[in-house]
Number of protein chains: 4
Amino acid sequence: MDQGIVNAELQALQDALRAFAREREWEQFHSPKNLASALSVEAAELLEHFQWMTEEQSHTLGEDKKNEIAEEVADVFLYLLQLSDKLGIDPLEAARRKLEINAAKYPVDLAKGSSKKYSDF
Amino acid sequence: MDQGIVNAELQALQDALRAFAREREWEQFHSPKNLASALSVEAAELLEHFQWMTEEQSHTLGEDKKNEIAEEVADVFLYLLQLSDKLGIDPLEAARRKLEINAAKYPVDLAKGSSKKYSDF
Amino acid sequence: MDQGIVNAELQALQDALRAFAREREWEQFHSPKNLASALSVEAAELLEHFQWMTEEQSHTLGEDKKNEIAEEVADVFLYLLQLSDKLGIDPLEAARRKLEINAAKYPVDLAKGSSKKYSDF
Amino acid sequence: MDQGIVNAELQALQDALRAFAREREWEQFHSPKNLASALSVEAAELLEHFQWMTEEQSHTLGEDKKNEIAEEVADVFLYLLQLSDKLGIDPLEAARRKLEINAAKYPVDLAKGSSKKYSDF
């Protein structure tokens with residue numbers, strides 16, 4: 001899973017986001033600190049859609065609700081790409097590496113059927 | 001920018017995440033509602049790294065701090081992929097579409113140099 | 001419900017928090033912007049305790065879990081008091097006023113048994 | 001600082017919130033899990049006001065902005081009171097206790113002028 005190449009589609013999005021911010025002279029607002037805030041705010045807007053639903057209901061969303069949620073997913077993703085771009089982090093490589101770390105932290109025999117945090121094993 | 005094909009690397013990550021959860025019998029915890037909570041919690045852990053920094057400092061992180069932040073970026077990304085997978089949302093397509101929506105909401109002449117929300121133009 | 005007097009116990013906490021920050025020379029970090037970030041991070045730490053629970057389980061917490069959660073409730077409260085203090089906002093007065101606004105936004109006959117946002121009535 | 005009495009004004013707000021929810025048949029939505037989500041979403045709405053400001057700007061808010069922020073402070077406070085009420089937590093007592101814990105975690109000589117987390121001392 002370790003291709004080491006940058007993903008062309010993510011790269012294209014990051015390029016588009018850079019141009020978008022440059023044209024609007026928004027780079028002045030886009031410090032990593034501020035982008036991390038914005039990302040967190042968007043993640044909460046995504047969560048807001050689910051806050052009064054039962055878990056059951058969250059499995060069977062209507063088409064309109066799903067489209068609204070897809071927009072929030074996109075907002076989170078776009079800020080994640082911008083932040084990664086600013087910091088020189090490859091989000092795909094970081095994700096692959098984290099999956100390996102998680103596999104070590106949560107061995108199948110200890111983690112099976114449990115929602116405990118690894119530090120509580 | 002509208003390739004319409006699913007991104008192979010994102011797909012590979014989603015497959016790996018599915019296997020990871022299945023092996024640990026974690027699907028019972030992974031309702032969309034709960035994944036949206038977890039994503040939001042990880043976004044806050046990412047933000048925590050920046051909360052007492054100045055914007056200036058957030059531009060010039062040391063290597064150790066950058067690695068810690070890359071792990072949080074990864075956590076956010078992994079939950080975003082799991083949630084998207086559960087809901088049948090293609091995050092790349094959603095991101096591309098949202099960029100177009102944003103371009104319409106924030107025309108260059110109105111948005112230039114301004115951090116106002118589109119609804120306040 | 002509109003006493004117009006400052007609550008002595010909240011005032012005592014705000015005074016203690018000011019002294020705490022002053023002694024540690026933390027005022028330099030405590031801009032309203034940063035305090036709002038910290039508050040949001042603590043709210044997510046509170047949420048983390050609940051993220052994999054069912055709603056049912058969240059009603060019947062064990063004593064240890066409840067104590068951990070009380071600490072997170074405290075963290076949120078302490079940052080809310082610090083932020084309010086910095087901005088000259090009386091949180092009790094603001095809360096009373098907001099309850100009245102909510103009563104107008106969510107009239108009983110429209111809101112009964114519904115989790116809709118007022119803007120969707 | 002350990003009065004051991006319940007604060008009358010907080011109690012009055014909690015009573016009002018209970019009546020508010022009962023009249024609207026909202027208790028069904030108000031599991032501790034859901035209230036913790038809602039609190040976190042409101043904390044993010046509070047943060048949203050600050051996300052593109054400089055720290056400097058956050059110290060000198062205009063009257064309109066301050067009023068908007070006071071409403072978000074109120075929303076966070078109201079959910080904090082509702083969650084505390086559901087869980088039988090006294091937020092004032094929890095806050096006083098946490099201040100003592102923090103004083104032990106962050107001794108003046110170690111913490112002075114530093115934004116490090118206690119676990120990094």
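Contact between chains is taken here as heavy atoms within 4.5 Å. On this criterion, in the predicted model, 73 residues of chain A and 71 residues of chain B take part in the contact between these two chains.

The size of an interface is often given as the accessible area lost when the parts come together. For chain A and chain B, the buried area is about 6200 Å², and carbon and sulfur atoms account for 69% of this area. Six salt bridges were found across the interface of chain A and chain B. One of them joins the side chains of Glu71(A) and Lys98(B), with an N to O distance of 3.8 Å. Polar contacts between chain A and chain B comprise 29 residue pairs, with both residues at pLDDT 80 or more. On the side of chain A that touches chain B, at least two residues each come from α1 (8-23), α2 (32-48), α3 (55-59), α4 (63-87), α5 (91-105) and α6 (108-111) of chain A. The greatest contribution to this side is that of α4(A), which supplies 14 residues. Sorted by class, the residues of chain A that touch chain B are 43 nonpolar, 18 polar and 12 charged.

Chain B also touches chain D. This contact involves 12 residues from chain B and 12 residues from chain D. The area buried between chain D and chain B is about 710 Å², with 39% given by carbon and sulfur atoms. Two salt bridges were counted between chain D and chain B. In one of the salt bridges, the side chain of Lys117(D) pairs with that of Glu48(B) at 3.2 Å, N to O. Four residue pairs, both members at pLDDT 80 or more, are in polar contact across the interface of chain D and chain B. Helix α2 (residues 32-48) of chain D provides six residues, the largest share of the side of chain D that touches chain B. By class, this side of chain D consists of three nonpolar, five polar and four charged residues.

Backbone geometry was examined as well. Most residues other than glycine have a negative phi. Glu25(B), by contrast, has a positive phi, near 55°, and is placed in the loop between α1 (8-23) and α2 (32-48) of chain B. Because its relative accessibility is 40%, Glu25(B) counts as partly exposed. In chain D, Glu25(D) has a positive phi near 55° and lies in the loop between α1 (8-23) and α2 of that chain. Glu25(D) is partly exposed, its relative accessible area being 40%.

Terms used
Residues are numbered from 1 along each chain as its sequence is written. Chains are lettered from A and ligands numbered from 1 in the order in which they are written. This is a predicted model: local features need pLDDT of at least 70, side-chain atom pairs count only at pLDDT 80 or more; totals for chains, interfaces and linings use all residues. Side-chain values use heavy atoms; hydrogens and water are left out. Buried area is the accessible area (1.4 Å probe) that two parts lose on being put together, summed over both. A salt bridge is a side-chain nitrogen of Lys or Arg within 4 Å of a carboxyl oxygen of Asp or Glu. A polar contact is a pair of N or O atoms within 3.5 Å; within protein, one must be able to donate a hydrogen and the other to accept it, and residues adjacent in sequence count only if both atoms are side-chain atoms. Helices (H or I, at least four residues) and strands (E, at least two) are DSSP runs, numbered from the N terminus. Ala, Val, Leu, Ile, Met, Phe, Trp, Tyr, Cys and Pro count as nonpolar, Asp, Glu, Lys and Arg as charged, and the others, Gly among them, as polar. Buried means under 20% relative accessible area, exposed over 50%, partly exposed in between (1.4 Å probe, protein chains only).
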